[in-house]
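Take a walk through this fold, one piece at a time. Keep the model open beside the text.

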Amino acid sequence: MTKKLEEKEIKLIALDMDGTLLNEKGEIPEENKKAIKEAHDQGVHVVLSTGRSIATCRDHAKSLLLKTFLVTVNGSEIWDMNGNLIERNLVDATHIQWMWELAQQHKANMWAASCDQVWIDKMPEDVSKSEWLKFGFHIEDDQVREQVLNSLNEKNCFEISNSSPVNIEVNALGINKARGLKKVCELLHITMDQVLAAGDSLNDISMIKEAGIGVAMGNAQDIVKQTADVVTLTNNENGVAYAIRKWALTKEVAEVKK
């Protein structure tokens, strides 16, 4: 670890979920739970910053006894732990309709998150009657995925990322995890330089870049590892616990856990 990182005072830990906090079984390893409790005991905030909707991350947050905010749907929503919506950023329904048609054109699997449910490989009859947070494509074929990416980029009105090498995630332009975390930092009266952010995919790059310490998982996509300040162990090796103890906790606690 460089001297620069050693000097960082971490007051908030931002964790992606899939491929990061969760192992390949979709569970939170006990060692990660213990490290998060150690962070709490030192007064460090822990925030889930995920592509998931509130419905699919709230129970995990509760199981960890988190007491602060949740950044969900890649920053499209910010919630407090009492279930109050702090901020919501929508994708225009006409854009959602266009992406639905694009998915059909390329025979691509898709999902879309409205404010009240997630749609998988189907959509409501009238897309305009719902409010939308995100659209996703799952495309195994590299050439087809590239074609869809090109079409999305040509529109120049989307925030485009992924949560695995074979998918594409689309949010409203400018909406990402870093933006969501900046809002959380404002609410907590801290700065992004006091944040440690960990993730594995393209939708994590924004927060990894802007955090004081950006951590790539050992299983992260190569571009994420190249962007991060440091690389931890994989999600199946309690990489989150390792990162918390090595770079976020005070040295005395970190030494005890080695």
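Where is the place of Glu169? Glu169 sits in strand β10. This is a predicted model, in which local features need pLDDT of at least 70, side-chain atom pairs count only at pLDDT 80 or more, and totals for chains, interfaces and linings use all residues. Residues are numbered from 1 along each chain as its sequence is written, and side-chain values use heavy atoms, with hydrogens and water left out. Helices (H or I, at least four residues) and strands (E, at least two) are DSSP runs, numbered from the N terminus.

Start with Glu169 itself. Its relative accessibility is 3%, so Glu169 counts as buried. The cut-offs are these: buried means under 20% relative accessible area, exposed over 50%, and partly exposed in between, with a 1.4 Å probe and protein chains only. Two polar contacts hold the eye here. The Glu169 side chain makes one with the side chain of Lys134, at 3.2 Å. It makes another with the side chain of Ser163, at 2.7 Å. A polar contact is a pair of N or O atoms within 3.5 Å; within protein, one must be able to donate a hydrogen and the other to accept it, and residues adjacent in sequence count only if both atoms are side-chain atoms. Leaving aside neighbours within four places in sequence, Glu169 is in contact (heavy atoms within 4.5 Å) with residues including Asn74, Trp111, Phe135, Glu159 and Asn203.

Now widen the view to the sheet. Five strands form an open sheet in the order β7-β6-β8-β10-β9, with antiparallel pairing. Two strands pair if DSSP finds at least two bridges between them. The edges are β7 (118-120) and β9 (158-161), each of which pairs on one side only. From one strand to the next, the twist averages 20°.

Look at β8 (132-138). Six of its seven residues are buried, so β8 is largely enclosed by the rest of the structure. Strand β6 (residues 109-114) pairs with β8 in the antiparallel sense, over six bridges. β8 also pairs with β10 (residues 167-172) in the antiparallel sense, over four bridges. Phe135 shows both pairings. Ala112 stands opposite Phe135 in β8, and Val170 is the bridge partner of Phe135 in β10. Lys134, the polar partner of Glu169, is the bridge partner of Ala113.

Helices come next. Helix α5 lies across β6, β8, β9 and β10, running at about 15° to β8. α6 packs on the sheet too, touching β8, β9 and β10, and its direction makes about 15° with that of β10. Axes are lines fitted to C-alpha atoms, for helices over the stretch in contact, and angles run from 0 to 180 degrees between N-to-C directions.

How do the two helices meet? The axes of α5 (residues 93-105) and α6 come within 11 Å and cross at roughly 160°. α5 and α6 are therefore roughly antiparallel to each other. Angles under 35 degrees count as roughly parallel, over 145 as roughly antiparallel, 65 to 115 as roughly perpendicular and the rest as oblique. Trp98, Met99 and Leu102 in α5 meet Val148, Ser151, Leu152 and Lys155 in α6.

The loop between β8 and α6 (142-155) holds Glu140. Is this glutamate buried or exposed? Glu140 counts as exposed, because its relative accessibility is 58%. A polar contact of 3.0 Å joins its side chain to that of His138. Not counting residues up to four places away in sequence, Glu140 touches Arg145 and Val166. Glu140 and Val166 are 26 residues apart in sequence, yet 5.5 Å apart in space, C-alpha to C-alpha.

Turn to the other sheet. Eight strands form an open sheet in the order β5-β4-β3-β2-β1-β11-β12-β13, with mixed pairing. Its edge strands are β5 (85-88) and β13 (230-231), and each pairs on one side only. Strands β1 (residues 12-15) and β2 (residues 45-49) pair in the parallel sense over four bridges. There, Ile13 stands opposite Val46 in β2. Helix α7 (residues 177-188) packs on this sheet, and its direction makes about 165° with that of β3.

End at helix α10 (residues 239-248). This helix is mostly covered, with eight of its 10 residues buried. Among them are Val240, Ile244, Arg245 and Trp247.
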